[in-house]
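Here is a short report on a protein model. Please keep the sequence and the coordinates at hand while reading.

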Amino acid sequence: MPISVEGKDAVAQASPEVQQRLQELRQLLQKASYAYYVLDNPMMEDAVYDQLYRELQDKEAQYPELVTPDSPTQRVGEKPASQFISVGHNIPLYSLENAFNIEEFTKWQERWRRYAPEVDSFEYVSELKIDGSAIALTYENGVLVRGVTRGDGVRGEDITQNVKTIRSIPLRLNTDTPPPIVEVRGEAFLALDVFEAINQEREKAGEALFANPRNAAAGTLRQLDSRVVAQRRLDFFPYTLHIPGEDKEVVRTQWDALELLASLGFRVNPHRQLCPSLKDVQDYYDYWDIERRNLPYMTDGVVVKLNRFELQQQLGFTQKFPRWAIALKYAAEEAPTLVENISINVGRTGALTPLAELHPVQLAGTTVSRASLHNIDYVRSLDIRVGDTVIVHKAGEIIPEVVRVLTELRPASAQPFQMPSACPVCGQPVVKPVDEAVTRCVNASCAAILKGAITHWVSRDAMDINGLGEKIVEQLVDQTVVQSVADLYDLTVEKLLQLERMGEKLAEKIVKAIATSKTQPWHRLLYGLGIRHVGSVNAQTLAAQFSSVEQLAQAKASDIEGVYGIGPEIAQSVSQWFSIPANQSLIDRLKAAGLQLAGEQKTSEPTNQQLAGKIFVITGTLPTLKRDEAKELIEKSGGKVTNSVSSKTNYVVVGEEAGSKLEKAKTLGITQLSEAQLMELLQPQ
């Protein structure tokens, strides 16, 4: 760093001991940052780091002429920038050609091989495509001197001060003999937990939320105040290295370049893989299509590059893309589409749910044409209208959801949506309680409510009546053959044969399944009644405390609320349900039909109680046990099974394709069990 005349005088005033100490502090703090942010292996306590950092700050304040660009104190500037300067890239930042399946990738391979027909041996490097914002870094004599956004690939904006705030980007390369110039390309991104925290803070402040981590990263990099950038904790993965005039024997491949980047002090993504064949690339792509959901950051595909730099140079570029690399993308997690209509679905509880009827769009491997809009409050918050262009994604990778409306594309004729004042199924008035967001039909005879109630009654976790699917239930209700769940027990083969596409064997199967359902235990029947807020777990809790329907029907809301795990909302709902005369009549009919409305009286506690007081969660598909079977075994041993992971959970039983529950268990440090380990735990001590 050039030093002014005044600087020389100031240096002369600082003793050699002070200068030596400044150098030691910078080197020590740089090593500590590398260990913490890159290796994830802290070498000193936070308090020690803070003490050394303050000592460096104090000495640099006393001798400002001795401050160097690579000092840890220079990661956050003191004054916001007034603007960003446009600069040219020494090497253009090309975008990548996209492929959306292995077939398209194979065609790309055939194309590049036409440009190098003599090549008979090659290999690929596969890397995760991080969903962030590309930046270019320049190091001179080992010191970071410039950070630039991608821009249009030819010119970008100088954001050096902001880049310095990213702790995983070294301010000085970790080498005693740095080349004169080193250029590094990579992706700045936000971890998912950091992104969520930023949006929570913006929501509290009444600011607009970022749509996704990619937009948040790009917006953060262009903040004029680097102190704001530092607070948002951006991260960085490098993926390209260029050393002008380098010895070709030192870095001959992409794999060598990634290894060198790691040795220079960068945090290189550990999930890279050398792939000798197309089959290896496909295996890598398929593996991460599933496992990427467990990553702490967003990735939308795989970048595949020919490994040998000599071959890359031979193939060169098209006008837009390098011929030697391609982005193998996964199915879109978000996609734009058009709202063609907003319809209303009436559920078994009478809830009216607005549904966005969408122009079909491919999303995460499936075709999406409908998305729930939940309730009128949600519709108003989005201000969604027929004719709008919207962005949809899959909540939890499963449920299609509208996340935002592109109001700038709204047609002038689009009108605000209004909830109907009458049920679209039965025509009766609907109500919206003041303390609820849901609008409801309260007509107990409504066909939609009845169909939903019967479908729930016959479901696997309730009465488990095989053969009675939704289409058959619709016919039974539409033809007034069944007007309540009690009517199911009056069905005969002859009545069922009157339905469309009903054969004698199926009719006999259904009648037999209905008869078998009479033996289902009291807690399943209670769940099957469809009382609001009473799920299968709550039904078991209530049935264990109230051993018969008479006991539960006669209990006061305060008595029900006194049961461990049952809150006031559930207690009030149960009490109200049993107070309705029509429901009392239904119970009488079910009793007359011979169903189990009482549980077995417990004469003594089970002898095997080694799991007493332990709380379990089961996630994924177990090798041999059904989830209900595992649950029953745990409960017989005194344990309790819940649906969600919390700090009170003792064990999580993990099967194949475990989801977010496993990730939360890992975060909370909860013990995970395989099915075999569970069976060992169940053995009497």
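**The chain as a whole**

This is a predicted model. The protein chain contains 25 helices and 22 strands. It has 685 residues, and 44% of them count as buried. Among contacts with a separation of 6 or more, 67% join residues 24 or more positions apart.

**Two helix pairs**

H21 brings Trp577, Phe578 and Ser579 to the contact. H22 answers with Pro581, Asn583, Gln584, Leu586 and Ile587. Five residues of this contact are nonpolar, three are polar and none is charged.

The crossing of H4 and H10 is right-handed. On the H4 side, the contact uses Ile102, Phe105, Thr106 and Gln109. On the H10 side, Leu278, Val281, Gln282 and Tyr285 take part. By class, the contact of H4 with H10 holds five nonpolar residues, three polar ones and no charged ones.

Is Gln109 buried or exposed? Gln109 counts as buried because its relative accessible area is 12%, and the cut-off for buried is under 20%. Gln109 lies in helix H4. Leaving aside residues up to four places away in sequence, Gln109 touches Phe122, Tyr124 and Leu278. Leu278 belongs to H10 and is part of the H4 contact described above.

**Helix H14 and its neighbours**

Helix H14 spans residues 470-478. Its buried residues are Ile472, Val473, Gln475, Leu476 and Val477. Which helices do the buried residues of H14 pack against? They pack against helix H13 (447-457), helix H15 (493-496) and helix H16 (504-516). After H14 comes Thr480, with a positive phi near 55°.

**Ala665 in H24**

Ala665 lies in helix H24, residues 660-668. Ala665 is buried, since its relative accessible area is 0%. Residues up to four places away in sequence aside, Ala665 touches Val645, Val652 and Ile670. The C-alpha atom of Ala665 is separated by 7.9 Å from that of Ser646, and the two residues are 19 apart along the chain.

**Two arginines with positive phi**

Arg233 is not a glycine, yet its phi is positive, at about 55°. Arg233 sits in the loop between helix H8 (226-231) and strand E8 (235-242). Its relative accessibility is 54%, so Arg233 counts as exposed.

Arg501 also has a positive phi, near 55°, in a residue other than glycine. Where is Arg501 found? Arg501 is in the loop between H15 and H16. Those two helices are also packing partners of the buried residues of H14. Arg501 counts as exposed because its relative accessibility is 87%.

How values were computed
Residues numbered from 1 in each chain as written. Predicted model: local features only at pLDDT ≥ 70, side-chain atom pairs only at ≥ 80, totals over all residues. Heavy atoms only, no water. Contact = heavy atoms within 4.5 Å. Helix = DSSP H or I, 4+ residues; strand = E, 2+ residues; numbered from the N terminus. Nonpolar A, V, L, I, M, F, W, Y, C, P; charged D, E, K, R; others polar. Left-handed = near helix turned anticlockwise from the far one by under 90°. Buried < 20%, exposed > 50% of the residue type's maximum accessible area, 1.4 Å probe, protein only.
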